[in-house]
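Please read it alongside the sequence and the structure shown here.

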Amino acid sequence: MAGRSIGVAVDMSPCSKNALRWAAASLAGPGDRLILTHVKPSYQYEQGVAHLWEHDGSPLIPLLELSDPRVSKTYGLALDRETLEILTRAAGQRGVQVFAKVLWGDPARKLAEAVHKVPLQWLVVGNRGLSTVKRVLMGSVSTYVVNHAACPVTVVRENMLPSELTTNKQ
């Protein structure tokens, strides 16, 4: 089904990059929108226009603007070279439109809310593989999102090898 909006939770960690690689290679297709969804803990430390987006997040930021340092500063979103390469490849080779959205607040809740607010038809998140004790004490973003998001959610394990990220094409 083309024309979907697919969210990928990114915090620039290795597991979120694995989730992005998987979504770009195995899920997104021509005409789909791949939306990097980055949640910052609090807008209180942001300066300037970030306060305008406190409740609903930033506007969608197109791929062409993501590498501009002024845009990065405005939204507090600095993508590294590897992430930009994954996105550029998805746009060029797969015919995917790429955007980013920055949200402020609790990552688990904001990702689940993004399903309605963006809106998203699919959400991909990484899983850092917390131990049972850490998951009970700290909670798990991926567990919360799986249980509360009103769309399909794919959880990509942190320890997946790069070759495993592209084997399950849909």
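## Sheet

Strand 1 (residues 5-9) and strand 5 (residues 122-127) run parallel and are joined by three bridges; Val-8 has Val-124 as its bridge partner in strand 5. Helices (H or I, at least four residues) and strands (E, at least two) are DSSP runs, numbered from the N terminus, and two strands count as paired if DSSP finds at least two bridges between them. This is a predicted model, in which local features need pLDDT of at least 70 and side-chain atom pairs count only at pLDDT 80 or more, while totals for chains, interfaces and linings use all residues. Residues are numbered from 1 along each chain as its sequence is written, and side-chain values use heavy atoms, with hydrogens and water left out.

The sheet to which these strands belong is open and has six strands in the order 3-4-2-1-5-6, with mixed pairing. Its edges are formed by strand 3 (61-62) and strand 6 (153-157), each of which pairs on one side only. In total the protein has seven helices and six strands, which follow the pattern β-α-β-β-α-α-α-β-α-β-α-α-β along the sequence.

## Helices on the sheet

Helix 5 (residues 107-117) lies across strand 1, strand 2, strand 4 (97-104) and strand 5, and runs at about 150° to strand 2; axes are lines fitted to C-alpha atoms, for helices over the stretch in contact, and angles run from 0 to 180 degrees between N-to-C directions. Within helix 5, the residues Ala-108, Lys-110, Leu-111, Ala-112, Ala-114 and Val-115 are buried, where buried means under 20% relative accessible area, exposed over 50%, and partly exposed in between (1.4 Å probe, protein chains only). The cover over these buried residues includes strand 1, strand 2, strand 4, strand 5 and helix 7.

## Nonpolar cores

A nonpolar core is a set of buried Ala, Val, Leu, Ile, Met, Phe, Trp, Tyr and Cys residues joined through side-chain atoms within 4.5 Å. The largest has 32 residues, and those with the most contacts inside it are Val-8, Leu-34, Leu-36, Leu-66, Leu-87 and Val-124. Helix 1 gives the most to this core, with six residues. Apart from it lies another core of 15 residues, with Val-39, Leu-120, Ala-149 and Cys-151 among them.

Across the protein, 80% of the contacts with a separation of 6 or more are between residues 24 or more positions apart, and buried residues make up 46% of the 170 residues.

## Selected residues

Ser-140 sits in the loop between helix 6 (132-138) and helix 7 (141-148), and counts as buried because its relative accessibility is 15%. Its side chain makes polar contacts with the side chains of Ser-142 (3.1 Å) and Thr-143 (3.2 Å); a polar contact is a pair of N or O atoms within 3.5 Å, where within protein one must be able to donate a hydrogen and the other to accept it, and residues adjacent in sequence count only if both atoms are side-chain atoms.

Gln-93, in helix 4, counts as exposed at 64% relative accessibility. Gln-93 and Pro-30 are 63 residues apart in sequence, with their C-alpha atoms 9.1 Å apart in space.

Notes. Contact means heavy atoms within 4.5 Å.
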